[in-house]
Amino acid sequence: MSNVDVVVTGLGATTPLGGDVASTWDAMLAGRSGVSPLTQEWAGELPVRIAAQLKVDPSEIIDRVKLRRMDRAEAMGVISAREAWADAGFAEGSYDPERLAVSYGTGIGGVLTTLGQNEILEKSGPRRVSPHTVPMLMPNGPAAYIGLELGAKAGVRAMASACATGAEAVALALDLIRLGRADVVVAGSTEAVVHPLPIAGFASMRAMSTRNDEPEKASRPWDKNRDGFVLGEGAGTLVLERADHAAARGARVYARLAGAGITSDGFDIVQPDPECNGGIRAMKMAIRDAGLTGADIQHVNAHATSTPVGDMGEIKGIREAIGSHPILTSTKSMSGHLLGAAGALESIATILALRDGVIPPTINLDEPDDRLDLEVAAHKARSVELRVAMNNSFGFGGHNVALIFTQP
Amino acid sequence: MATRAEITSGLGEILEEVAGVNPDDVAEEKSFTDDLDVDSLSMVEVVVAAEEKFGVKIPDNEVQNLKTVGDAVNYIEANH
(Lines give C-alpha, C1' and ligand atoms only; values in the text may rest on other atoms or scores of the structure.)
Protein backbone atom coordinates (compact mmCIF):
# COMPACT_ATOMS: atom_id res chain seq x y z
CA MET A 1 0.00 0.00 0.00
CA SER A 2 1.29 3.40 -0.93
CA ASN A 3 0.63 6.69 0.83
CA VAL A 4 0.55 8.53 -2.49
CA ASP A 5 -2.96 8.80 -3.89
CA VAL A 6 -3.40 8.64 -7.66
CA VAL A 7 -6.59 9.79 -9.35
CA VAL A 8 -8.08 9.73 -12.84
CA THR A 9 -8.79 13.21 -14.18
CA GLY A 10 -9.24 12.67 -17.92
CA LEU A 11 -10.56 10.02 -20.30
CA GLY A 12 -10.36 9.60 -24.07
CA ALA A 13 -11.27 6.84 -26.52
CA THR A 14 -11.91 6.00 -30.11
CA THR A 15 -13.54 2.62 -30.52
CA PRO A 16 -15.82 0.47 -32.68
CA LEU A 17 -18.69 1.84 -30.59
CA GLY A 18 -17.97 5.54 -30.91
CA GLY A 19 -15.46 8.22 -31.80
CA ASP A 20 -15.14 9.40 -28.20
CA VAL A 21 -15.77 8.34 -24.60
CA ALA A 22 -19.35 9.65 -24.38
CA SER A 23 -20.61 7.89 -27.52
CA THR A 24 -18.73 4.69 -26.65
CA TRP A 25 -20.24 4.66 -23.15
CA ASP A 26 -23.75 5.36 -24.47
CA ALA A 27 -23.42 2.46 -26.91
CA MET A 28 -22.19 0.15 -24.14
CA LEU A 29 -25.07 1.04 -21.83
CA ALA A 30 -27.49 0.47 -24.70
CA GLY A 31 -25.93 -2.96 -25.34
CA ARG A 32 -24.95 -2.22 -28.94
CA SER A 33 -22.47 -4.36 -30.83
CA GLY A 34 -19.60 -2.77 -32.76
CA VAL A 35 -18.96 -5.92 -34.79
CA SER A 36 -19.67 -5.94 -38.52
CA PRO A 37 -18.74 -7.88 -41.66
CA LEU A 38 -15.36 -7.20 -43.25
CA THR A 39 -16.25 -5.91 -46.69
CA GLN A 40 -12.66 -5.45 -47.86
CA GLU A 41 -11.72 -7.50 -50.90
CA TRP A 42 -8.98 -9.34 -49.00
CA ALA A 43 -11.49 -10.70 -46.50
CA GLY A 44 -13.06 -13.06 -49.01
CA GLU A 45 -10.67 -15.98 -48.50
CA LEU A 46 -10.27 -15.67 -44.75
CA PRO A 47 -12.00 -18.07 -42.38
CA VAL A 48 -12.88 -15.01 -40.27
CA ARG A 49 -14.73 -12.23 -42.08
CA ILE A 50 -15.95 -10.07 -39.19
CA ALA A 51 -14.31 -7.49 -36.95
CA ALA A 52 -15.11 -4.53 -34.73
CA GLN A 53 -13.83 -1.60 -36.76
CA LEU A 54 -13.50 2.03 -35.72
CA LYS A 55 -16.73 4.00 -35.75
CA VAL A 56 -14.99 7.24 -36.74
CA ASP A 57 -12.04 6.99 -39.10
CA PRO A 58 -8.89 8.93 -38.07
CA SER A 59 -8.96 10.73 -41.42
CA GLU A 60 -12.04 12.61 -40.22
CA ILE A 61 -10.03 14.06 -37.36
CA ILE A 62 -6.34 14.25 -38.18
CA ASP A 63 -5.01 16.45 -40.95
CA ARG A 64 -4.22 14.51 -44.15
CA VAL A 65 -0.53 15.41 -44.34
CA LYS A 66 0.04 14.59 -40.65
CA LEU A 67 -1.78 11.30 -41.11
CA ARG A 68 0.59 10.26 -43.95
CA ARG A 69 3.33 10.08 -41.32
CA MET A 70 1.36 8.06 -38.79
CA ASP A 71 0.46 4.44 -38.53
CA ARG A 72 -3.27 3.96 -37.88
CA ALA A 73 -2.43 2.80 -34.33
CA GLU A 74 -0.50 6.02 -33.71
CA ALA A 75 -3.31 8.16 -35.09
CA MET A 76 -5.90 6.45 -32.88
CA GLY A 77 -3.66 6.83 -29.83
CA VAL A 78 -3.20 10.53 -30.53
CA ILE A 79 -6.94 11.06 -31.06
CA SER A 80 -7.85 9.44 -27.74
CA ALA A 81 -5.00 11.21 -25.92
CA ARG A 82 -6.13 14.60 -27.24
CA GLU A 83 -9.61 13.92 -25.89
CA ALA A 84 -8.31 12.75 -22.51
CA TRP A 85 -6.00 15.73 -22.20
CA ALA A 86 -8.76 18.21 -23.05
CA ASP A 87 -11.09 16.37 -20.66
CA ALA A 88 -8.56 16.75 -17.83
CA GLY A 89 -8.74 20.52 -18.34
CA PHE A 90 -5.19 21.60 -17.64
CA ALA A 91 -4.95 25.37 -17.58
CA GLU A 92 -1.74 26.98 -18.81
CA GLY A 93 0.82 26.74 -16.02
CA SER A 94 -1.16 24.22 -13.96
CA TYR A 95 1.39 21.48 -14.62
CA ASP A 96 5.10 21.19 -15.29
CA PRO A 97 5.89 19.56 -18.67
CA GLU A 98 9.06 18.11 -17.12
CA ARG A 99 6.78 16.27 -14.65
CA LEU A 100 4.40 15.03 -17.34
CA ALA A 101 5.06 11.47 -18.58
CA VAL A 102 3.46 9.13 -21.07
CA SER A 103 2.95 5.39 -20.50
CA TYR A 104 1.41 4.03 -23.66
CA GLY A 105 1.49 0.75 -25.44
CA THR A 106 0.39 -1.38 -28.31
CA GLY A 107 0.09 -5.14 -28.41
CA ILE A 108 1.37 -5.64 -31.94
CA GLY A 109 2.70 -2.29 -33.17
CA GLY A 110 2.53 -0.62 -36.56
CA VAL A 111 1.73 -3.76 -38.46
CA LEU A 112 -0.34 -2.02 -41.15
CA THR A 113 2.73 0.07 -41.98
CA THR A 114 5.09 -2.91 -41.88
CA LEU A 115 2.93 -4.96 -44.20
CA GLY A 116 1.94 -2.04 -46.44
CA GLN A 117 5.52 -0.90 -46.94
CA ASN A 118 6.65 -4.48 -47.52
CA GLU A 119 4.16 -4.63 -50.36
CA ILE A 120 5.69 -1.46 -51.83
CA LEU A 121 9.18 -2.90 -51.38
CA GLU A 122 8.28 -6.09 -53.25
CA LYS A 123 6.35 -4.33 -55.98
CA SER A 124 8.35 -1.14 -56.59
CA GLY A 125 11.73 -1.61 -54.92
CA PRO A 126 13.50 -0.17 -51.89
CA ARG A 127 13.65 3.42 -53.16
CA ARG A 128 9.88 3.70 -53.00
CA VAL A 129 9.68 2.69 -49.34
CA SER A 130 8.44 5.69 -47.35
CA PRO A 131 11.04 7.57 -45.29
CA HIS A 132 8.39 7.63 -42.54
CA THR A 133 8.31 3.82 -42.31
CA VAL A 134 10.43 3.41 -39.19
CA PRO A 135 8.68 5.98 -36.96
CA MET A 136 5.38 4.53 -38.16
CA LEU A 137 6.08 0.89 -37.36
CA MET A 138 8.10 1.25 -34.16
CA PRO A 139 6.17 -0.02 -31.13
CA ASN A 140 7.06 3.07 -29.10
CA GLY A 141 5.57 5.23 -31.88
CA PRO A 142 2.14 5.79 -30.27
CA ALA A 143 3.72 6.75 -26.93
CA ALA A 144 6.21 9.02 -28.67
CA TYR A 145 3.60 10.75 -30.84
CA ILE A 146 1.42 11.41 -27.79
CA GLY A 147 4.43 12.75 -25.89
CA LEU A 148 5.20 15.01 -28.84
CA GLU A 149 1.61 16.18 -29.11
CA LEU A 150 1.35 17.04 -25.40
CA GLY A 151 4.93 18.20 -24.86
CA ALA A 152 5.53 15.53 -22.20
CA LYS A 153 9.13 15.64 -20.93
CA ALA A 154 9.22 13.27 -17.95
CA GLY A 155 9.77 10.24 -20.17
CA VAL A 156 7.74 8.42 -22.76
CA ARG A 157 7.40 4.76 -21.79
CA ALA A 158 6.20 2.15 -24.26
CA MET A 159 4.52 -0.97 -22.98
CA ALA A 160 4.04 -4.26 -24.81
CA SER A 161 2.35 -7.17 -23.08
CA ALA A 162 -0.12 -8.35 -25.71
CA CYS A 163 -3.71 -8.12 -24.50
CA ALA A 164 -2.63 -6.87 -21.07
CA THR A 165 -0.78 -3.88 -22.55
CA GLY A 166 -3.32 -1.17 -21.80
CA ALA A 167 -3.77 -2.26 -18.20
CA GLU A 168 -0.04 -2.62 -17.69
CA ALA A 169 0.53 0.89 -19.06
CA VAL A 170 -1.93 2.18 -16.46
CA ALA A 171 -0.17 0.15 -13.75
CA LEU A 172 3.18 1.63 -14.78
CA ALA A 173 1.68 5.12 -14.56
CA LEU A 174 0.64 4.37 -10.99
CA ASP A 175 4.22 3.34 -10.17
CA LEU A 176 5.69 6.43 -11.84
CA ILE A 177 3.52 8.76 -9.77
CA ARG A 178 4.02 6.82 -6.53
CA LEU A 179 7.79 6.82 -7.06
CA GLY A 180 7.73 10.56 -7.59
CA ARG A 181 8.94 10.38 -11.19
CA ALA A 182 5.97 12.34 -12.52
CA ASP A 183 2.96 14.36 -11.33
CA VAL A 184 0.79 13.51 -14.31
CA VAL A 185 0.92 10.47 -16.62
CA VAL A 186 -1.04 10.04 -19.82
CA ALA A 187 -1.58 6.29 -20.00
CA GLY A 188 -3.31 3.80 -22.24
CA SER A 189 -2.93 1.79 -25.38
CA THR A 190 -3.89 1.50 -29.02
CA GLU A 191 -4.32 -1.30 -31.54
CA ALA A 192 -4.92 -1.30 -35.28
CA VAL A 193 -4.41 -4.71 -36.84
CA VAL A 194 -7.48 -5.28 -38.98
CA HIS A 195 -5.43 -6.80 -41.80
CA PRO A 196 -5.45 -10.29 -43.33
CA LEU A 197 -2.10 -11.37 -41.84
CA PRO A 198 -2.89 -10.90 -38.14
CA ILE A 199 -6.40 -12.20 -38.73
CA ALA A 200 -5.07 -15.29 -40.53
CA GLY A 201 -2.55 -15.80 -37.72
CA PHE A 202 -5.13 -15.67 -34.95
CA ALA A 203 -7.54 -17.72 -37.05
CA SER A 204 -4.88 -20.40 -37.57
CA MET A 205 -4.61 -20.66 -33.79
CA ARG A 206 -8.39 -21.27 -33.80
CA ALA A 207 -8.67 -18.37 -31.38
CA MET A 208 -11.25 -16.35 -33.32
CA SER A 209 -14.97 -16.63 -33.77
CA THR A 210 -16.05 -17.73 -37.23
CA ARG A 211 -19.67 -16.73 -36.72
CA ASN A 212 -19.44 -14.78 -39.98
CA ASP A 213 -23.16 -14.75 -40.65
CA GLU A 214 -24.08 -13.18 -37.32
CA PRO A 215 -21.39 -10.58 -36.60
CA GLU A 216 -23.25 -8.92 -33.75
CA LYS A 217 -23.66 -12.25 -31.98
CA ALA A 218 -20.08 -13.44 -32.48
CA SER A 219 -18.56 -12.03 -29.30
CA ARG A 220 -20.37 -13.91 -26.53
CA PRO A 221 -18.24 -14.28 -23.40
CA TRP A 222 -19.29 -17.10 -21.04
CA ASP A 223 -22.02 -18.27 -23.42
CA LYS A 224 -22.15 -22.00 -24.17
CA ASN A 225 -21.91 -21.33 -27.88
CA ARG A 226 -18.90 -19.01 -27.79
CA ASP A 227 -16.31 -19.94 -30.39
CA GLY A 228 -13.49 -17.44 -30.01
CA PHE A 229 -12.79 -13.72 -29.81
CA VAL A 230 -13.72 -11.03 -32.31
CA LEU A 231 -10.89 -8.75 -33.34
CA GLY A 232 -11.44 -5.06 -32.56
CA GLU A 233 -9.44 -1.91 -33.14
CA GLY A 234 -9.29 1.27 -31.12
CA ALA A 235 -7.51 3.22 -28.43
CA GLY A 236 -8.16 4.36 -24.89
CA THR A 237 -6.35 6.95 -22.79
CA LEU A 238 -6.48 7.89 -19.10
CA VAL A 239 -4.94 10.94 -17.50
CA LEU A 240 -3.59 9.86 -14.11
CA GLU A 241 -2.51 12.42 -11.61
CA ARG A 242 -1.19 12.66 -8.06
CA ALA A 243 -4.28 13.44 -5.99
CA ASP A 244 -2.88 16.56 -4.33
CA HIS A 245 -1.74 17.86 -7.74
CA ALA A 246 -5.26 17.40 -9.10
CA ALA A 247 -6.76 19.04 -6.01
CA ALA A 248 -4.43 22.03 -6.26
CA ARG A 249 -5.66 22.84 -9.75
CA GLY A 250 -9.30 22.14 -8.86
CA ALA A 251 -9.56 19.23 -11.29
CA ARG A 252 -12.65 17.11 -11.65
CA VAL A 253 -11.79 13.60 -10.39
CA TYR A 254 -13.47 10.53 -11.90
CA ALA A 255 -12.01 7.90 -9.60
CA ARG A 256 -8.99 6.79 -7.62
CA LEU A 257 -6.63 4.23 -9.10
CA ALA A 258 -6.22 2.46 -5.78
CA GLY A 259 -4.04 -0.49 -6.69
CA ALA A 260 -2.51 -2.72 -9.31
CA GLY A 261 -1.26 -6.28 -9.48
CA ILE A 262 1.01 -7.66 -12.17
CA THR A 263 2.09 -11.29 -12.45
CA SER A 264 3.25 -13.75 -15.09
CA ASP A 265 2.08 -17.32 -15.52
CA GLY A 266 5.26 -19.18 -16.39
CA PHE A 267 2.89 -21.70 -17.93
CA ASP A 268 2.64 -21.44 -21.73
CA ILE A 269 3.38 -18.84 -24.38
CA VAL A 270 -0.27 -18.57 -25.43
CA GLN A 271 -2.48 -20.98 -23.48
CA PRO A 272 -4.06 -19.49 -20.40
CA ASP A 273 -3.47 -21.44 -17.21
CA PRO A 274 -6.85 -23.17 -16.77
CA GLU A 275 -6.45 -22.81 -13.00
CA CYS A 276 -5.85 -19.06 -13.46
CA ASN A 277 -3.07 -19.14 -10.87
CA GLY A 278 -1.31 -16.08 -12.30
CA GLY A 279 -4.59 -14.21 -12.57
CA ILE A 280 -5.46 -15.05 -8.98
CA ARG A 281 -2.11 -13.77 -7.78
CA ALA A 282 -2.54 -10.55 -9.80
CA MET A 283 -6.02 -9.93 -8.38
CA LYS A 284 -4.89 -10.63 -4.82
CA MET A 285 -1.85 -8.41 -5.30
CA ALA A 286 -4.04 -5.54 -6.54
CA ILE A 287 -6.42 -5.96 -3.60
CA ARG A 288 -3.52 -5.87 -1.12
CA ASP A 289 -1.97 -2.94 -2.92
CA ALA A 290 -5.22 -1.01 -2.59
CA GLY A 291 -5.43 -1.83 1.13
CA LEU A 292 -8.72 -3.64 0.58
CA THR A 293 -10.08 -7.14 0.94
CA GLY A 294 -11.87 -9.30 -1.61
CA ALA A 295 -15.15 -8.46 0.08
CA ASP A 296 -14.74 -4.83 -1.05
CA ILE A 297 -14.69 -5.62 -4.79
CA GLN A 298 -18.26 -5.19 -6.03
CA HIS A 299 -17.76 -5.35 -9.76
CA VAL A 300 -15.23 -6.83 -12.18
CA ASN A 301 -14.88 -5.79 -15.80
CA ALA A 302 -13.46 -9.17 -16.78
CA HIS A 303 -10.94 -10.05 -19.44
CA ALA A 304 -13.40 -12.66 -20.82
CA THR A 305 -12.69 -12.61 -24.54
CA SER A 306 -15.25 -15.23 -25.62
CA THR A 307 -12.75 -18.07 -25.96
CA PRO A 308 -13.68 -21.51 -24.63
CA VAL A 309 -10.81 -21.96 -22.13
CA GLY A 310 -9.92 -18.44 -21.00
CA ASP A 311 -13.41 -17.33 -20.02
CA MET A 312 -13.96 -20.11 -17.52
CA GLY A 313 -10.45 -19.96 -16.04
CA GLU A 314 -11.04 -16.36 -15.09
CA ILE A 315 -14.33 -17.26 -13.40
CA LYS A 316 -12.46 -19.74 -11.23
CA GLY A 317 -9.87 -17.08 -10.50
CA ILE A 318 -12.35 -14.39 -9.52
CA ARG A 319 -14.14 -16.79 -7.22
CA GLU A 320 -10.88 -17.71 -5.52
CA ALA A 321 -9.33 -14.22 -5.32
CA ILE A 322 -12.44 -12.16 -4.60
CA GLY A 323 -15.39 -14.41 -3.77
CA SER A 324 -18.79 -15.11 -5.24
CA HIS A 325 -20.29 -11.65 -4.70
CA PRO A 326 -18.95 -9.35 -7.48
CA ILE A 327 -21.13 -8.62 -10.48
CA LEU A 328 -19.19 -9.23 -13.66
CA THR A 329 -19.37 -7.97 -17.16
CA SER A 330 -17.40 -8.35 -20.36
CA THR A 331 -17.70 -5.25 -22.50
CA LYS A 332 -15.81 -7.19 -25.20
CA SER A 333 -19.22 -8.66 -26.02
CA MET A 334 -19.91 -5.25 -27.60
CA SER A 335 -16.53 -3.71 -28.47
CA GLY A 336 -14.85 -6.89 -29.66
CA HIS A 337 -11.35 -7.57 -28.37
CA LEU A 338 -9.12 -4.54 -28.81
CA LEU A 339 -6.05 -6.66 -27.96
CA GLY A 340 -3.44 -4.26 -26.54
CA ALA A 341 -6.02 -1.49 -26.16
CA ALA A 342 -8.51 -3.68 -24.27
CA GLY A 343 -7.19 -2.88 -20.80
CA ALA A 344 -7.33 0.86 -21.51
CA LEU A 345 -10.88 0.83 -22.88
CA GLU A 346 -12.08 -1.50 -20.13
CA SER A 347 -10.47 0.66 -17.44
CA ILE A 348 -12.53 3.52 -18.83
CA ALA A 349 -15.70 1.39 -18.70
CA THR A 350 -14.88 0.42 -15.10
CA ILE A 351 -14.36 4.05 -14.10
CA LEU A 352 -17.59 5.17 -15.74
CA ALA A 353 -19.47 2.30 -14.07
CA LEU A 354 -18.28 3.73 -10.74
CA ARG A 355 -19.19 7.27 -11.74
CA ASP A 356 -22.68 6.46 -13.00
CA GLY A 357 -23.55 3.54 -10.73
CA VAL A 358 -24.29 1.33 -13.68
CA ILE A 359 -22.61 -1.82 -14.96
CA PRO A 360 -22.61 -2.12 -18.75
CA PRO A 361 -24.12 -5.36 -20.05
CA THR A 362 -22.60 -8.52 -21.42
CA ILE A 363 -24.62 -9.04 -24.55
CA ASN A 364 -25.20 -12.42 -26.22
CA LEU A 365 -25.07 -14.35 -22.94
CA ASP A 366 -28.11 -16.34 -24.04
CA GLU A 367 -27.12 -19.72 -22.66
CA PRO A 368 -24.61 -19.33 -19.85
CA ASP A 369 -21.87 -21.95 -19.62
CA ASP A 370 -22.79 -24.48 -16.93
CA ARG A 371 -19.65 -23.56 -15.00
CA LEU A 372 -20.58 -19.87 -14.83
CA ASP A 373 -21.47 -19.63 -11.15
CA LEU A 374 -20.99 -15.88 -10.69
CA GLU A 375 -23.44 -13.11 -11.43
CA VAL A 376 -23.12 -11.32 -14.76
CA ALA A 377 -24.92 -8.17 -15.91
CA ALA A 378 -26.34 -10.11 -18.85
CA HIS A 379 -28.19 -8.46 -21.75
CA LYS A 380 -29.04 -5.21 -19.97
CA ALA A 381 -27.09 -2.59 -18.04
CA ARG A 382 -27.45 -3.01 -14.30
CA SER A 383 -27.83 -0.09 -11.89
CA VAL A 384 -25.76 -0.67 -8.77
CA GLU A 385 -24.16 1.90 -6.52
CA LEU A 386 -20.47 1.10 -6.72
CA ARG A 387 -17.58 2.06 -4.47
CA VAL A 388 -14.89 -0.35 -5.69
CA ALA A 389 -14.41 -2.11 -9.02
CA MET A 390 -11.69 -4.15 -10.71
CA ASN A 391 -10.52 -4.52 -14.27
CA ASN A 392 -8.70 -7.68 -15.37
CA SER A 393 -6.47 -8.07 -18.42
CA PHE A 394 -4.52 -11.13 -19.45
CA GLY A 395 -2.23 -11.47 -22.45
CA PHE A 396 -0.39 -13.94 -24.68
CA GLY A 397 2.94 -14.51 -23.02
CA GLY A 398 1.27 -15.19 -19.69
CA HIS A 399 0.79 -11.54 -18.60
CA ASN A 400 -1.81 -10.87 -15.92
CA VAL A 401 -2.81 -7.40 -14.75
CA ALA A 402 -5.53 -6.41 -12.30
CA LEU A 403 -6.40 -2.78 -11.60
CA ILE A 404 -8.62 -1.47 -8.83
CA PHE A 405 -10.55 1.78 -9.14
CA THR A 406 -12.57 3.29 -6.33
CA GLN A 407 -14.80 6.31 -5.78
CA PRO A 408 -12.58 9.37 -5.29
CA MET B 1 9.80 17.73 -72.86
CA ALA B 2 8.09 19.62 -70.06
CA THR B 3 8.54 23.39 -69.89
CA ARG B 4 9.87 25.15 -66.78
CA ALA B 5 6.34 26.23 -65.90
CA GLU B 6 5.07 22.68 -66.27
CA ILE B 7 7.88 21.34 -64.07
CA THR B 8 7.19 23.99 -61.42
CA SER B 9 3.51 23.20 -61.43
CA GLY B 10 4.24 19.44 -61.27
CA LEU B 11 6.49 20.03 -58.26
CA GLY B 12 3.66 22.06 -56.73
CA GLU B 13 1.33 19.07 -56.99
CA ILE B 14 3.91 16.80 -55.39
CA LEU B 15 4.58 19.27 -52.57
CA GLU B 16 0.87 19.58 -51.87
CA GLU B 17 0.41 15.82 -51.72
CA VAL B 18 3.50 15.07 -49.63
CA ALA B 19 3.83 18.07 -47.36
CA GLY B 20 0.56 19.97 -47.55
CA VAL B 21 2.19 22.96 -49.27
CA ASN B 22 -0.25 25.32 -51.00
CA PRO B 23 0.62 25.00 -54.71
CA ASP B 24 0.13 28.77 -55.11
CA ASP B 25 3.13 29.28 -52.81
CA VAL B 26 5.39 27.21 -55.04
CA ALA B 27 7.67 29.43 -57.12
CA GLU B 28 11.22 29.08 -58.39
CA GLU B 29 12.79 31.39 -55.81
CA LYS B 30 11.25 29.54 -52.84
CA SER B 31 13.51 27.51 -50.56
CA PHE B 32 12.17 24.04 -49.76
CA THR B 33 13.15 24.16 -46.09
CA ASP B 34 12.99 27.87 -45.22
CA ASP B 35 9.96 29.01 -47.25
CA LEU B 36 7.90 25.89 -47.82
CA ASP B 37 8.65 24.12 -44.52
CA VAL B 38 9.58 20.82 -46.18
CA ASP B 39 11.61 18.72 -43.73
CA SER B 40 14.31 16.24 -44.70
CA LEU B 41 12.04 13.18 -44.70
CA SER B 42 9.42 14.92 -46.82
CA MET B 43 12.19 16.04 -49.19
CA VAL B 44 13.04 12.37 -49.75
CA GLU B 45 9.41 11.78 -50.73
CA VAL B 46 9.41 14.82 -53.01
CA VAL B 47 12.54 13.57 -54.80
CA VAL B 48 11.20 10.06 -55.33
CA ALA B 49 7.86 11.39 -56.58
CA ALA B 50 9.63 13.86 -58.92
CA GLU B 51 11.81 11.07 -60.33
CA GLU B 52 8.70 9.14 -61.21
CA LYS B 53 6.74 12.09 -62.53
CA PHE B 54 9.48 13.50 -64.74
CA GLY B 55 11.38 10.31 -65.60
CA VAL B 56 14.68 11.54 -64.14
CA LYS B 57 17.19 10.05 -61.75
CA ILE B 58 18.11 12.39 -58.89
CA PRO B 59 21.07 10.86 -57.02
CA ASP B 60 21.29 11.43 -53.26
CA ASN B 61 24.45 13.53 -53.61
CA GLU B 62 22.56 15.85 -55.96
CA VAL B 63 19.63 16.33 -53.57
CA GLN B 64 21.68 18.47 -51.17
CA ASN B 65 22.21 21.00 -53.98
CA LEU B 66 18.47 21.41 -54.53
CA LYS B 67 17.87 24.28 -52.11
CA THR B 68 15.11 26.03 -54.02
CA VAL B 69 12.31 25.01 -56.31
CA GLY B 70 14.30 26.67 -59.12
CA ASP B 71 17.30 24.42 -58.38
CA ALA B 72 15.04 21.40 -58.78
CA VAL B 73 13.51 22.77 -61.98
CA ASN B 74 17.02 23.36 -63.42
CA TYR B 75 18.11 19.83 -62.57
CA ILE B 76 14.97 18.20 -63.97
CA GLU B 77 15.04 20.34 -67.12
CA ALA B 78 18.68 19.44 -67.78
CA ASN B 79 18.30 15.72 -67.09
CA HIS B 80 14.92 14.49 -68.24
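Reader: How many residues of chain B are in contact with chain A?
Author: In this predicted model, 17 residues of chain B are in contact with nine residues of chain A.

Reader: And how much area do chain B and chain A bury between them?
Author: The two chains bury about 1100 Å² between them, and 39% of that lies on carbon and sulfur atoms. On the chain B side, Leu41(B), Glu45(B) and Val48(B) supply 41% of the area buried against chain A, more than any other three residues.

Reader: What is the count of salt bridges between chain B and chain A?
Author: The count is seven salt bridges between chain B and chain A. One of the salt bridges joins Arg68(A) to Glu17(B), with the closest N and O atoms 3.8 Å apart.

Reader: Which elements of chain B give two or more residues to the side that touches chain A?
Author: These are helix H1 (4-19) and helix H2 (40-54) of chain B. H2(B) gives the most, with eight residues.

Reader: Turning to chain A, what does its domain assignment give?
Author: The assignment gives domain 1 (6-248) and domain 2 (261-406). The centres of these two domains, taken over C-alpha atoms, are separated by 20 Å.

Reader: How many residues are in contact between domain 1 and domain 2 of chain A?
Author: 64 residues of domain 1 are in contact with 63 residues of domain 2. The two domains bury about 4600 Å² between them, 69% of it on carbon and sulfur atoms. Trp25(A), Cys163(A) and Trp222(A) supply 21% of the area that domain 1 buries against domain 2, more than any other three residues.

Reader: What about polar contacts and salt bridges between those domains?
Author: The count between domain 1 and domain 2 of chain A is five salt bridges. Elsewhere in the description of side chains, Asp369(A) and Arg226(A) meet in a salt bridge at 3.0 Å, N to O. Polar contact across the domain interface involves 25 residue pairs.

Reader: Which element gives the most to the side of domain 1 that touches domain 2?
Author: H7(A) gives the most, with eight residues. Other elements that each supply at least two residues include strand S1 (6-14) and helix H1 (21-29) of chain A.

Reader: How many disulfides does the structure hold?
Author: The structure holds zero disulfides over all chains. For Cys163(A), the nearest cysteine sulfur is that of Cys276(A), 15 Å away, whereas a disulfide needs the sulfur atoms within 2.5 Å.

Terms used: Residues are numbered from 1 along each chain as its sequence is written. Chains are lettered from A and ligands numbered from 1 in the order in which they are written. This is a predicted model: local features need pLDDT of at least 70, side-chain atom pairs count only at pLDDT 80 or more; totals for chains, interfaces and linings use all residues. Side-chain values use heavy atoms; hydrogens and water are left out. Domain bounds come from an automatic or database domain assignment. Contact means heavy atoms within 4.5 Å. Buried area is the accessible area (1.4 Å probe) that two parts lose on being put together, summed over both. A salt bridge is a side-chain nitrogen of Lys or Arg within 4 Å of a carboxyl oxygen of Asp or Glu. A polar contact is a pair of N or O atoms within 3.5 Å; within protein, one must be able to donate a hydrogen and the other to accept it, and residues adjacent in sequence count only if both atoms are side-chain atoms. Helices (H or I, at least four residues) and strands (E, at least two) are DSSP runs, numbered from the N terminus.
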